[in-house]
Amino acid sequence: MLDAAAHLLGEVGIERISTNLICERAEVTPPAFYRYFDDKYAILHALAERFMERQNVALQAWLDAYGGAGIDVIEGKVVELIRTMHEITKNEPGAVWIMRALRAVPNLTPIRHFSHNYVSQMMTDIYMQYLSHVPRDLVLRRTRISVEIAYSLDEMLKEGEMDPEALFADAEHVFRAMFHYPEYALPAEPAASA
């Protein structure tokens, strides 16, 4: 049912999708549908969780690959993570509508908030290995800003109005700059006395 709903969502959008259409596409009866889901929003909830889980798996792989490589390496690999998320979204049936639903449907908003906070916490954990001289709440706040920018960029890429490579090039500058806040510089070593 989830796969049928995802494909259908990509075809008709949030407003037009219905439990009857999902049942027809999935070749199940309405009672079978209601055994698992209360309504179309419940299946959207399940689709959103599945989509976010796929993104979280990719995030974990990226963190495993680069988390211990140093802040300079991480700085140069953020856009690689955004490219990976773009590919996941591009290949996930109904993903654009799922993303829109996460912003537009009030009872789905907590999923988006949880996901963005989760990603921010995971990335901050890695950054703090290299920024231990900076207050964690400051790094976390700035990391959350970068996560919001990344998700917005992914939405822009799906709109198809701009050259994707130009967007990635612009993002490279933005995300590199976010690693160079004045507070992130290591404190100067005291000069040795003669």
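Surface patches are made of residues with over 30% relative accessible area and no salt bridge, like charges being joined within 9 Å and nonpolar side chains (Val, Leu, Ile, Met, Phe, Trp, Tyr) within 5 Å. The model is predicted: local features need pLDDT of at least 70, side-chain atom pairs count only at pLDDT 80 or more, and totals for chains, interfaces and linings use all residues. Residues are numbered from 1 along each chain as its sequence is written, and side-chain values use heavy atoms, with hydrogens and water left out.

**View 1. A nonpolar surface patch of Ile145, Ile149 and Val174.** Together these residues have about 210 Å² of accessible area (Shrake-Rupley method, 1.4 Å probe, only the protein chains shown counting as cover). Ile145 belongs to helix α8, residues 136–159 (helices are DSSP runs of H or I with at least four residues, numbered from the N terminus). Ile145 counts as partly exposed because its relative accessibility is 40% (buried is under 20% relative accessible area, exposed over 50%, partly exposed in between).

**View 2. The largest nonpolar core, with 60 residues.** Such a core is a set of buried Ala, Val, Leu, Ile, Met, Phe, Trp, Tyr and Cys residues joined through side-chain atoms within 4.5 Å. Leu59, Trp62, Met123 and Tyr127 touch the most other members. Elements giving two or more residues to this core include α1 (2–16), α5 (71–91) and α7 (109–128); α4 gives the most, with twelve residues. Not counting residues up to four places away in sequence, Tyr127 touches Ile71, Ile74, Val78, Val139, Thr143 and Phe179 (contact means heavy atoms within 4.5 Å).

**View 3. The salt bridge between Glu165 and Arg83.** The closest N and O atoms of this pair are 2.7 Å apart (a salt bridge is a side-chain nitrogen of Lys or Arg within 4 Å of a carboxyl oxygen of Asp or Glu). Glu165 in helix α9 and Arg83 in helix α5 are 82 residues apart, and the pair links distant parts of the chain. Glu165 is partly exposed at 44% relative accessible area, as is Arg83 at 33%.

View 4. Lys77 pairs with Glu80, their closest N and O atoms lying 3.7 Å apart.

**View 5. A salt-bridge network.** Asp3, Arg50, Arg54 and Glu92 are linked in this network. The structure holds 15 salt bridges.

Note on methods. Buried means under 20% relative accessible area, exposed over 50%, partly exposed in between (1.4 Å probe, protein chains only).
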